[in-house]
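Have a look at the structure first, and then we will go step by step.

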Amino acid sequence: MSEHPGSTVLIAASLAAFTDKLIARRGVEQSNLLFRGQIGPATEALSARTNTIGVGDLAPAFSLPTAEAGTWRLAEHLAHGKFSSLVVVFYRGTWCAYCSIYLRGLLEIQSQLSDANAALIAVSPEAAPASADSASAEGPRFPVLIDHGGKVAEQFGLTFEMDEAAKTLLKSSGLDLEKRNADGRWILPVPGTFVIDRSGHIAYAHVDADYRNRPEPQQIAAICRSLRR
């Protein structure tokens with residue numbers, strides 16, 4: 001059986017397998033410190049929000065630089081009227097294996113998204129995220145946008161900051177988000193996946209404070225097929 005996420009194995013199974021490997025490598029105590037130090041603050045941030053974006057809402061208008069030094073604008077994308085829907089993935093960064101597993105799963109179904117006349121973009125606070133096709137040796141690319149300071153993630157009600165214990169543990173492993181993120185801070189998006197329809201409204205939203213949980217790519221493809229025109 002293939003073990004590529006998004007094909008015969010569900011993303012949930014691939015993510016759970018990675019969690020098991022992480023615990024085996026770091027140990028239960030360190031792993032739980034990392035999990036609590038990110039999931040707890042993310043849960044608190046979401047519960048305190050008054051500007052969360054959900055199904056039926058108009059998506060916030062935004063424009064962001066791309067990893068290739070261009071500029072991507074939602075208004076321009078919608079004005080072209082080329083696509084029936086747009087999948088927007090808020091991506092913590094190339095350092096996050098959970099995000100990379102999920103992106104690889106979306107790359108696996110990109111032909112299905114194309115058949116559904118859907119476009120795909122990823123939004124990350126990382127200053128120099130790798131191009132999306134680095135998640136897979138093959139397949140077409142999709143734009144990766146640099147969200148300096150998490151301003152667009154904030155518009156979607158997603159930003160949070162992990163606790164100090166989790167920061168210290170990651171720094172001791174050589175991961176310092178002050179050096180990786182465009183604004184030099186530890187601000188991250190709660191992982192979110194949104195499908196925006198042709199009119200600019202949110203047709204689907206998945207936001208989970210537990211970054212180990214992601215929607216199945218096949219579910220995203222089904223939503224996009226339902227919007228195909």
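Is Lys167 buried or exposed? In this predicted model, Lys167 has a relative accessibility of 7%, so it counts as buried, since the cut-off for that word is under 20%.

Now look at the partners of Lys167. Side chains of opposite charge can pair when their charged atoms come close. One partner is Glu161: the closest N and O atoms of this salt bridge are 2.5 Å apart. Glu161 itself is partly exposed, at a relative accessible area of 38%.

Lys167 also forms a salt bridge with Glu164, and here the closest N and O atoms are 3.1 Å apart. Where do Lys167 and Glu164 lie? Both belong to helix H7, which covers residues 164-172, and they sit three residues apart, about one turn of the helix. Glu164 has a relative accessible area of 54%, so it counts as exposed, the cut-off being over 50%. Through shared partners, the salt bridges join Glu161, Glu164 and Lys167 into one network.

Next, turn to another pair. Arg73 forms a salt bridge with Glu76, with 3.9 Å between the closest N and O atoms. That distance still counts because the rule asks for a nitrogen within 4 Å of a carboxyl oxygen. Arg73 is partly exposed, its relative accessible area being 40%, and Glu76 is partly exposed too, at 39% relative accessibility.

Definitions and conventions:
Residues numbered from 1 in each chain as written. Predicted model: local features only at pLDDT ≥ 70, side-chain atom pairs only at ≥ 80, totals over all residues. Heavy atoms only, no water. Salt bridge = Lys/Arg side-chain N within 4 Å of Asp/Glu carboxyl O. Buried < 20%, exposed > 50% of the residue type's maximum accessible area, 1.4 Å probe, protein only. Helix = DSSP H or I, 4+ residues; strand = E, 2+ residues; numbered from the N terminus.
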